[in-house]
Amino acid sequence: MRSGRVIFCIFLIAVSAYAIHAARGWTFKASLFPLSVSIPLLVLATIHLFQAIFGKGETDEGSAVDLDFSNDVPPEVARDRVINSFSWIIAFIASVYLVGFPLTVPLFIFSYLKFQSEVGWLPTIAATAITWGCFYGLFQWLVHIQFEPGAIQIWLGM
């Protein structure tokens, strides 16, 4: 079991090191995503490798996850929850297609918090504004990423 973890960590370290090496010569915008994923992956895989090699082996035969799932939820309630979750995911994807990312992100945050989570008006508006500010600040102001317009904007010629 331990040798499989070591091999997998070495594989992840090699992949992330290659991605970092390959992205070094790229422009800032082109290298931002590979570097933002590869650098943390390299650090975490290296830490995990040292833990796998020098750490104490697992002695507890218990569950790998501390979360215990309850069996007291009726199947119809569980099914309704799954359908609800997938509906929100499909609504997000459809909204991205119809109005584009810049409008979808704050619209989705607002809709989910207000209608699904039943959060109050002030936290909903604050979370929406913070999300929009971070999204706009990072992707449009700082990195200057131009997102494709949504289908509705194309249909209306905007």
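**Close-up views of the predicted model**

View 1. Gln153 lies in helix 6, which spans residues 151-155, where helices are DSSP runs (H or I) of at least four residues and strands (E) of at least two, both numbered from the N terminus. This is a predicted model in which local features need pLDDT of at least 70 and side-chain atom pairs count only at pLDDT 80 or more, whereas totals for chains, interfaces and linings use all residues. Residues are numbered from 1 along each chain as its sequence is written, and side-chain values use heavy atoms, with hydrogens and water left out. Gln153 counts as buried because its relative accessibility is 18%, the classes being buried under 20% relative accessible area, exposed over 50% and partly exposed in between (1.4 Å probe, protein chains only). When its neighbours within four places in sequence are left aside, Gln153 is in contact (heavy atoms within 4.5 Å) with Leu98, Val99, Leu103 and Met158.

**View 2. Ser95 in helix 3.** Ser95 is placed in helix 3, residues 75-99, and, with a relative accessible area of 15%, Ser95 is buried. Apart from neighbours within four places in sequence, the residues in contact with Ser95 are Gly100, Thr104 and Leu107. Ile53 stands 42 residues away from Ser95 along the chain, and the C-alpha atoms of this pair are separated by 47 Å.

**View 3. The loop between helix 4 and helix 5, with Glu118 and Val119.** Glu118 is found in the loop that runs between helix 4 (101-116) and helix 5 (121-142), and Val119 has its place in the loop between helix 4 and helix 5 as well. Although Glu118 is not a glycine, it has a positive phi of about 55°. The relative accessible area of Glu118 is 66%, so this residue is exposed, while Val119, at 24%, is partly exposed. Val119 is in contact with Leu113, Lys114 and Thr124, once neighbours within four places in sequence are left aside. The C-alpha atoms of Val119 and Val73 are separated by 24 Å, and these two residues are 46 residues apart along the chain.

**View 4. Helix 2, seen at Leu35 and Leu49.** Helix 2 covers residues 28-54 and holds Leu35, and Leu49 lies in helix 2 too. Leu35 has 23% relative accessibility and so counts as partly exposed, whereas Leu49, at 13% relative accessibility, counts as buried. Residues up to four places away in sequence not being counted, Leu49 touches Val6, Cys9, Ile10 and Ile13. From Leu35 to His21 the distance between C-alpha atoms is 9.4 Å, the two being 14 residues apart along the chain. Leu49 and Asn71, which are 22 residues apart in sequence, are 36 Å apart in space, C-alpha to C-alpha.

View 5. The chain is divided into domain 1 (2-62) and domain 2 (92-156), with bounds that come from an automatic or database domain assignment. The C-alpha centres of domain 1 and domain 2 lie 32 Å apart. Six helices and zero strands make up the count for the chain, and along the sequence they follow the pattern α-α-α-α-α-α. Taken along the principal axes, the C-alpha atoms fill a box of roughly 60 × 55 × 30 Å.

View 6. Of the 158 residues in the chain, 20% are buried. The accessible surface of the chain comes to about 12100 Å², and 71% of this belongs to carbon and sulfur atoms, with areas from the Shrake-Rupley method and a 1.4 Å probe; for residues, only the protein chains shown count as cover. Among contacts between residues at least 6 apart in sequence, 59% join residues at least 24 apart. The chain has 8 positive and 10 negative charges, whose mean positions are 12 Å apart. Lys and Arg count as positive and Asp and Glu as negative, with His and the chain ends not counted, and each charge is placed at NZ of Lys, CZ of Arg, CG of Asp or CD of Glu.
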